[in-house]
Every structure is written in structure tokens, then in C-alpha cells.
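Student: I would like to go through this model feature by feature. Please give the general rule each time, then the case at hand.

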Amino acid sequence: VRALAELVRTRKVSSLALTEMYLERLKRFDPLLKFLVTLTDDRARAQAREADRDLAAGRYRGPLHGLPWGAKDLLAVQGYRTTWGAGGFEQQRIDTNATVVQRLDAAGAVLVAKLTLGALAMGDKWFGGMTRNPWKPEEGSSGSSAGPASATTAGCVAFAIGSETLGSIASPCTRCGATGLRPTFG
């Protein structure tokens, strides 16, 4: 994140170019790793263009400005489904943005995807299959923040947001070789 942030801040790479790269990687690696629930490509491209316009005008919002990220599909994003990884909720829509989504939008981060979680935040099995470990695809990525760990480790997002109750970040990060931070509200 630090290295990408500096490249974007100094306009050595555009947010739109990074966004397009990550969207392509998400599409390319999802058939093997099964970490993707929903691409937010229209939203992402609009956010990336806005980030690039802000930077060109000298408005820098901080180290996440213009960086593409993925949200665990437990987080509500207005206009997109929030499935909780569970059968029966595949088309659920929540008409608001989760607080973390609001804060990352304000920081100029670019949401490129809603990523898998184990059904109802347990494990790595969801209604679309099992999310895989990028280093050893024959095994699951663990869970419940399975998609965020797998997609980040596979280089398909700059960073991702998961959630933690009893190992939901720690376990997939350990399995996939990612660094995780257990969040607190606020």
C-alpha cells in the first residue's frame, strides 16, 4: 500500500490504470481461487477517475487515495448485493453503505470488488464454492474473511477489509500468507 500510494500521489501511475489492472486480475484469477462475489467495476472506474482528477488539481486525500480495494461481502455497499456468502441471500441488497465503506470513499479509496466469506461468516465455503489459497489452490483459504485474504495475496487488490470475531482474519491470513490487522469499530 505504501509503495502504491507514493506512485499514485506522485502521478507515476494513475488510479484508473491501477483499477483496470486489478479488475483484469480479479477476472483472471477468480475461476481458480473463487474469491469474487461481485465486481464493482462501474463504481470503481468512476472513483478512480475522480481520484485522478483530484490529484491533477492538487487535492490529495491521504495514503489510500486512488488505491483499489476489496470488501468482504459482509459489508453493505449501496447499489450492490450483500450476500453474507449464504444461500438464500444471493440477491440481498442493503440500501446503505457500511461505515468503513463511507470512510474509505471519503479517503479516496477505490472499491473494485465484493469478496467472498464463508456462509454467514463461518469458514471458507460459500454459496459459490470454496475460496482457495493462492499458494496452494487445492486447499481452502480458511475463513471467514476468505476472499479478502486470497485476493490480496494473489495481487488482485491493493488491500482488503475483512471482519474478525474468532479468527476470521487471523486464520485466512495465516493460511494465505497475508498480513492482517484485527479491526475495531472507529
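Student: Does W84 count as buried, exposed or partly exposed, and what is its relative accessibility?

Tutor: Buried means under 20% relative accessible area, exposed over 50%, and partly exposed in between, with a 1.4 Å probe and protein chains only. At 25% relative accessibility, W84 counts as partly exposed. Before going on, note that this is a predicted model, in which local features need pLDDT of at least 70 and side-chain atom pairs count only at pLDDT 80 or more, while totals for chains, interfaces and linings use all residues. Residues are numbered from 1 along each chain as its sequence is written, and side-chain values use heavy atoms, with hydrogens and water left out.

Student: How many aromatic pairs are there?

Tutor: Rings of Phe, Tyr and Trp (its six-membered ring) pair if their centres lie within 6.5 Å; planes under 30 degrees apart count as stacked, over 60 as edge-to-face and the rest as tilted. The count comes to 3 aromatic pairs. One of them joins W69 and F159, with ring centres 6.0 Å apart and planes at 10 degrees, so this pair is stacked. W69 is in strand β2 (residues 68-72) and F159 in strand β8 (residues 159-161), 90 residues apart, so the pair links distant parts of the chain. Helices (H or I, at least four residues) and strands (E, at least two) are DSSP runs, numbered from the N terminus. Both W69 and F159 are buried. W84 and F89 form a tilted pair, 4.8 Å centre to centre with 50 degrees between the planes. F89, at 29% relative accessibility, is partly exposed.

Student: Which residues contribute most contacts to the largest nonpolar core?

Tutor: A nonpolar core is a set of buried Ala, Val, Leu, Ile, Met, Phe, Trp, Tyr and Cys residues joined through side-chain atoms within 4.5 Å. The largest one has 19 residues, and those with the most contacts inside it are L4, L18, L67, W69, V101, A158 and F159. Two or more residues are given to this core by each of α1, α2, β2 and α4 (99-106). The largest share, 3 residues, comes from α1. Another core, of 16 residues, lies apart from it and includes A48, V110, A154 and V157.

Student: What does V101 touch, leaving out residues up to four places away in sequence?

Tutor: Contact means heavy atoms within 4.5 Å. On that basis V101 touches R43, W69, L75, A76 and V77.

Student: Which residues of α1 are buried?

Tutor: In helix α1 (residues 2-9), the buried residues are L4, A5 and V8. Seen down the helix axis, they fall within an arc of 100 degrees, so they line one face of α1. That arc is taken from the directions from the helix axis to the C-beta atoms. The buried residues of α1 pack against α2 (15-33) and α3 (41-56), whereas the face turned away from the buried side carries the exposed residues R2 and A3. After α1 comes R11, with a positive phi, near 60 degrees.

Student: How many salt bridges are counted?

Tutor: A salt bridge is a side-chain nitrogen of Lys or Arg within 4 Å of a carboxyl oxygen of Asp or Glu. The count comes to 11 salt bridges. Among them is E20 with R45, whose closest N and O atoms are 2.6 Å apart. E20 is in helix α2 and R45 in helix α3, 25 residues apart. E20 is partly exposed at 31% relative accessibility, while R45 is buried at 19%.

Student: Where do D73 and K114 lie?

Tutor: D73 is in the loop between β2 and α4, and K114 is in strand β3 (residues 110-115), 41 residues apart. Their side chains meet in a salt bridge (2.9 Å, N to O), and both residues are buried. Elsewhere, E50, D54, R59 and R61 are linked in a network of salt bridges.
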